[in-house]
Amino acid sequence: MKNIFNSLIIIVILLIGIDPVYGQEKETKVNDSSVEKISIEKLNDLIKNRNGKYLLLNIWATWCVPCREEFPAINKLHEKYKDQIEFIGVSVDYPDEVESKILPFLNSLSIKFTNYVNAEKDADKFISNLNQDWDGSVPATFIFDTKGKQVKYFTEGKTFDEFEKEISGLIN
Amino acid sequence: MMIVRSILKTAFIIAAIIIGLGFVSKLADVESVKDFTLKDYLGNEHTLSDYKDSKAIVIIFIATQCPVSNAYNTRMEKLFEDYKDKDVAFLGINSNKTESVTEVKDHANENNLTFTILKDEGNVIADMFKASHTPEAYVLNSNFDILYHGRIDNSQRESEITSKDLRKALDEILSGKEVSNPRTKAFGCSIKRI
């Protein structure tokens, strides 16, 4: 009876631990710039490997006005909370727009947190991988706890104070 | 023995809940909508039931200032042109609080959009559809059931399209088939709500 019970516990643990597994894709450096392509697999790895920190993942695009407007707030948030929270931005512009659009925008605001450009051509797959309920509107921000579990997501642009309200209570 | 049995039962329930959770994290999509009336940018009223006799009703939430929506202007007009003689109604809806009726009218004229564009003041209709971004397409039947919801196609760049999802859904509906991929997603500009 003890064996059956132990087996059940193992099944439960396995079920909690199961995550979609994808093939390997190598990360590509774009023109030696600081914005690299990111695949779904690499993004999932980043989400999982928390090293004791929360993660604030912001999905944005240079064509998105509210994304551009909230970026300085995220940069300021990064300065204040970088010891407790890892900040990552993923632009959903095209990878061939790094030099022409993404970098000029990031440089104009002296953005200090890490940014990538989405390498997944299938937007549907990228969107659903982050949250089944997310329709694809940007900006979208996802907060993951220290175990890589998604604890919050929101799709409207926010001010510094509004962001701070979202993360207060999560970290202390 | 009773205690062990009780623990086992609890463990089974927990396992069942965890398995179940994996399958219920689906989209809480709207399945059908109610009749509604909106004005177009010329001030004429349009009621959804005016189009009830069509074989399908296409509704696309669009914007004047969203680069993604604007990338689809020509494609949306072409869709309207290609399907208007096939008894498919085509309505654009602008729900952005930041874009006035005058702006919607000017934008339509400047971009040669000849299909009906309605202004959704207070984003009431966007809320009813749970529409979140532009461009976002819906196809309804005469009962206003949503047969298709999602993207127009799979690339903002016309040269890179590999899947014309909205056209495919319309063709399937017109030939009496079930829509094979009724839900798709794409990146777009969030609707600016009140």
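**Strand pairing in chain B**

Me: Which residue in S4(B) is the bridge partner of Ile59(B)?
Reply: Leu91(B) is the bridge partner of Ile59(B) there. Keep in mind that this is a predicted model.

Me: And how many bridges join S3 to S4 in chain B?
Reply: 6 bridges join strand S3 (residues 56-61) of chain B to strand S4 (residues 88-94) of chain B, and the two run parallel. Within S4(B), Phe90(B) is the residue opposite Val58(B).

Me: What about S4(B) and S5: parallel or antiparallel?
Reply: Parallel, with 4 bridges joining S4(B) to strand S5 (residues 116-119) of chain B. Leu91(B) has Thr116(B) as its bridge partner in S5(B). With helix H4 (residues 101-110) of chain B, S4(B) and S5(B) make a right-handed β-α-β unit.

Me: Is S4(B) buried or exposed?
Reply: Buried. That holds for 7 of the 7 residues of S4(B), so the strand is largely enclosed by the rest of the structure. Val88(B), Phe90(B), Gly92(B) and Asn94(B) point one way, while Ala89(B), Leu91(B) and Ile93(B) point the other way.

Me: Zoom out. What is the strand order in the open sheet of chain B?
Reply: S2-S1-S5-S4-S3-S7-S8, 7 strands with mixed pairing. Strand S2 (45-47) and strand S8 (146-150) of chain B stand at the edges, each with a single partner strand, so one side of each has no neighbour in the sheet.

Me: New topic: cores. Which residues touch the most other members in the largest nonpolar core?
Reply: Among them are Leu57(A), Trp134(A) and Leu166(B), in a core of 81 residues. A second, separate core has 22 residues, including Phe61(B) and Leu91(B).

Definitions and conventions:
Residues are numbered from 1 along each chain as its sequence is written. Chains are lettered from A and ligands numbered from 1 in the order in which they are written. This is a predicted model: local features need pLDDT of at least 70, side-chain atom pairs count only at pLDDT 80 or more; totals for chains, interfaces and linings use all residues. Side-chain values use heavy atoms; hydrogens and water are left out. A nonpolar core is a set of buried Ala, Val, Leu, Ile, Met, Phe, Trp, Tyr and Cys residues joined through side-chain atoms within 4.5 Å. Buried means under 20% relative accessible area, exposed over 50%, partly exposed in between (1.4 Å probe, protein chains only). Two strands pair if DSSP finds at least two bridges between them. A crossover is right-handed if, with the strands pointing away from the viewer, the path from the first strand over the helix to the second runs clockwise.
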